[in-house]
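Let's take a walk through a protein model together. Have the sequence and the 3D view ready as you read.

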Amino acid sequence: MKTKKEAAAIVAALENEYPLAECFLDSETAWQLLVAVRLSAQCTDLRVNATTPTLFAKFPTISALADADPKDIEEIVRPCGLGKSKARDINLCMKMLRDEYNCVVPDNMEDLLKLPGVGRKSANLILGDVFGKPAIVADTHCIRLSNRLGFLNSTDMYKVEMELKRVVAPEKQNDFCHRLVEHGRAVCTARKAMCEKCVLAEYCAYKKAEDKKAQKAAAKAVKAAEKSSADSKT
Ligand code: SF4
């Protein structure tokens, strides 16, 4: 676990390293971001960004997507994978926005979670990026880095969200998550943690544990060398 002070130091180091904190998904409106984030499940942001212009050109409003035949949506979003379920969710989500929310994306977690295909991760992205509210988007990068850095020891999305909410200052939370994504792609990737060039090394539990292991191994090697040298003299 980290203290609020340690969390603030990590936030500051990332701010310094990545001055721009931006969402990687392209969108011009709140509902477009909702659509983009649904498409991003198990898909790269690049692919989503390559797909949404066609989708939004053909269906330029909430009502247009609500009225669409899901098969026509699926036709366009298929490259993002899970085309059928994504198309169905988008269609149902836009129907609910039109029929129950007067075509206005809600600005609170409770209502956002009622929308088909919208989970806490998506809802937090909307709350933070669209409405400027404190929000932790516990995506794969956020979960991995929170664990490696030592904020907590759990891959449970909800626990990660709650723990980061506890220690990261509310006004920093949203941008912090965008920066974790950048850092998770550039330096602390799922395949390899490049600790030697990481600006968070001094705060990182994983790095400390790795250093300890290396020190132990080095001490063991020295001992073995000393023993073998002593043996050769007898
Ligand atoms: S020090 Fe290593 S494990 Fe820790 S955040 Fe940086 S790259 Fe990741």
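Is helix α2 (residues 30–39) mostly covered or mostly open? Helix α2 is mostly covered, with eight of its ten residues buried. Helices here are DSSP runs (H or I, at least four residues), numbered from the N terminus, and a residue is buried if 20 or more other C-beta atoms, placed from the backbone, lie within 10 Å of its own.

Before going on, note that this is a predicted model, in which local features need pLDDT of at least 70 and side-chain atom pairs count only at pLDDT 80 or more, while totals for chains, interfaces and linings use all residues. Residues are numbered from 1 along each chain as its sequence is written.

Back to α2: among its buried residues are Trp31, Leu34 and Arg38. The buried residues of this helix pack against α3 (45–58), α4 (62–67), α5 (70–77), α6 (83–100) and α8 (120–130); here, contact requires C-beta atoms, placed from the backbone, within 7 Å.

Next comes the largest nonpolar core, which has 54 residues. Such a core is a set of buried Ala, Val, Leu, Ile, Met, Phe, Trp, Tyr and Cys residues joined through C-beta atoms within 7 Å. Leu34, Ile126 and Cys142 have the most contacts inside this core, and α2 gives the most to it, with seven residues. Leaving out residues up to four places away in sequence, Cys142 touches Val137, Val160, Cys177 and Leu180.

Finally, look at the domains, whose bounds come from an automatic or database domain assignment. That assignment gives domain 1 (30–130) and domain 2 (204–233), and their C-alpha centres lie 54 Å apart.

Technical notes
Buried ≥ 20, exposed ≤ 12 C-beta atoms within 10 Å, placed from the backbone. Helix = DSSP H or I, 4+ residues; strand = E, 2+ residues; numbered from the N terminus. Contact = placed C-beta atoms within 7 Å.
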